[in-house]
Amino acid sequence: MPHGRRAVSRRAVLGGAAALTLPLLTGCAHHDEALAAPGPEVAILNGAMAAQQDLIAQYEAALGTHASLAKYVNPALAHHREQLALLRRYYVPGSGKGASAGPSLPSPQTHLVSRQPSRALASLRSAEGKAAVQCTTDAGKAGPGLAQLLASIGASEAAFAGTSGVPKQTLQPAKPSPLSTATLNSLQSALATEHAAIYGYGVLGARLTGSAQELATVYWDGHRARRDSLTTFLTEARQHPVAAAAAYKLPVKVTSSRSAAELAAKLEDDLVSSYVGLAAATDPRLREMGAYSAQEAMGRAVRWRAGAGLATAPASAFPGLPPAALAPKPTPGD
């Protein structure tokens with residue numbers, strides 16, 4: 001693993017993916033008297049809302065039993081409430097006569113909470129991991145806009161799943177063709193961000209020892225493998241993959257093992273944003289890969305922050321999501 005020892009300066013290559021707003025899910029009726037038919041993504045959206053509703057119920061039950069878990073529960077609970085509220089805003093029923101005014105969700109389950117705080121916390125983290133896995137699956141089935149939102153929510157869930165992360169998922173190899181201009185831009189952005197991460201890990205590795213350095217090496221190798229995959233996708237699409245810069249201006253000055261961990265976490269945060277952007281790709285396999293890669297990056301960021309004694313909860317309920325996607329513009333059904 002290379003170790004950078006000199007001051008760095010360079011042009012920034014961390015390009016963000018273009019903001020992509022989510023299409024609102026509408027129904028369509030042939031006549032005013034007809035009931036509006038739900039759009040094809042309504043089932044996915046309803047499932048996502050039901051999942052958030054159930055997570056909220058689990059957190060509320062845990063908090064009611066163990067006040068000592070408030071430091072962990074309250075940030076997660078606030079994020080899930082925000083996520084449910086945004087998902088609800090994207091539910092727009094058709095305007096046909098008799099169309100429902102909103103989603104019909106099942107009542108939240110009654111959750112039994114272990115009397116041991118550690119087990120109750122483990123149960124919450126397990127639930128977050130399962131929800132994140134479902135977000136990946138749904139991202140591959142949903143359209144680009146909804147997939148991007150689900151990728152962001154899944155990354156948030158990966159953070160609250162804890163340092164163990166989400167269960168490993170088996171994804172189909174993505175060999176997309178043809179690719180839209182927006183998708184190509186997202187792939188190039190992800191590749192540029194991987195280049196920067198590889199460089200940054202080389203620099204921060206010089207300040208780490210023991211198990212922390214071993215972990216950095218594992219992650220560094222993983223980033224190089226992902227870089228190679230992205231390069232292959234672009235090459236097969238007859239594109240020129242963006243090249244790595246000679247040096248990068250890093251967001252954290254590395255002077256100790258703690259600042260090295262802070263830099264690693266920040267590099268992973270940048271990858272979350274890039275992969276959430278990739279989740280809006282036109283190819284469903286790339287949407288799924290983007291969603292899962294965002295969760296992986298978030299899991300690595302959480303591990304670095306936890307090791308450095310820093311707060312692990314994401315600052316936003318929607319990590320990596322373009323601001324435009326937070327303000328839906330309703331389009332009524334026919």
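Analyst: Buried residues account for 49% of the 334 residues in the protein chain. The model is a predicted one, and every value below is computed from it. The chain has eight helices and zero strands, and its pattern along the sequence reads α-α-α-α-α-α-α-α. Of the contacts between residues at least 6 apart in sequence, 83% join residues at least 24 apart.

Packing is described with two quantities. For two packed helices, these are the angle between their axes and the distance between the axes.

Take α6 and α8 to begin with. Helix α6 covers residues 210-236 and helix α8 covers residues 284-307; their axes come within 12 Å and cross at roughly 160°. Angles over 145 degrees count as roughly antiparallel, and α6 and α8 are therefore roughly antiparallel to each other. Their crossing is left-handed. On the α6 side, the contact is made by Ala212, Leu215, Ala216, Tyr219, His223, Arg226, Leu230 and Phe233. On the α8 side, the residues are Leu286, Met289, Ser293, Glu296, Arg300, Arg303 and Trp304. By class, the contact of α6 with α8 has nine nonpolar, two polar and four charged residues.

The next pair is α4 and α7. Helix α4 (residues 144-160) packs with α7 at an angle of about 150°, and the two axes are 8 Å apart. That angle makes α4 roughly antiparallel to α7. Here the crossing is right-handed. From α4, the contact takes in Gln148, Ala151, Ser152 and Ala155; from α7, it takes in Val272, Val276 and Gly277. These residues divide into four nonpolar, three polar and no charged.

Ser274 is located in α7, which runs over residues 257-278. Is Ser274 buried or exposed? With a relative accessible area of 4%, Ser274 is buried, because buried means under 20% relative accessible area. Leaving aside residues up to four places away in sequence, Ser274 touches Ser189, Ala190 and Thr193. With Thr193 there is a polar contact, side chain to side chain, at 2.7 Å.

Ala245 sits in the loop between α6 and α7. Its relative accessible area is 15%, so Ala245 is buried. Ala245 and Ala196 are separated by 49 residues in sequence, while their C-alpha atoms are 8.1 Å apart in space.

Gly64 lies in helix α1, residues 42-65. With 67% relative accessibility, Gly64 counts as exposed, because the exposed class means over 50%. Gly64 and Val113 are 49 residues apart in sequence, and the C-alpha to C-alpha distance between them is 9.3 Å.

To go back over the two helix pairs: α6 and α8 are roughly antiparallel with a left-handed crossing, and their contact includes four charged residues. Helices α4 and α7 are roughly antiparallel as well, but α4 passes α7 in a right-handed crossing, and no charged residues take part in that contact.

How values were computed. Residues are numbered from 1 along each chain as its sequence is written. This is a predicted model: local features need pLDDT of at least 70, side-chain atom pairs count only at pLDDT 80 or more; totals for chains, interfaces and linings use all residues. Side-chain values use heavy atoms; hydrogens and water are left out. Axes are lines fitted to C-alpha atoms, for helices over the stretch in contact, and angles run from 0 to 180 degrees between N-to-C directions. Helices (H or I, at least four residues) and strands (E, at least two) are DSSP runs, numbered from the N terminus. Angles under 35 degrees count as roughly parallel, over 145 as roughly antiparallel, 65 to 115 as roughly perpendicular and the rest as oblique. A crossing is left-handed if the near helix is turned anticlockwise from the far one by less than a right angle, and right-handed if clockwise. Contact means heavy atoms within 4.5 Å. Ala, Val, Leu, Ile, Met, Phe, Trp, Tyr, Cys and Pro count as nonpolar, Asp, Glu, Lys and Arg as charged, and the others, Gly among them, as polar. Buried means under 20% relative accessible area, exposed over 50%, partly exposed in between (1.4 Å probe, protein chains only). A polar contact is a pair of N or O atoms within 3.5 Å; within protein, one must be able to donate a hydrogen and the other to accept it, and residues adjacent in sequence count only if both atoms are side-chain atoms.
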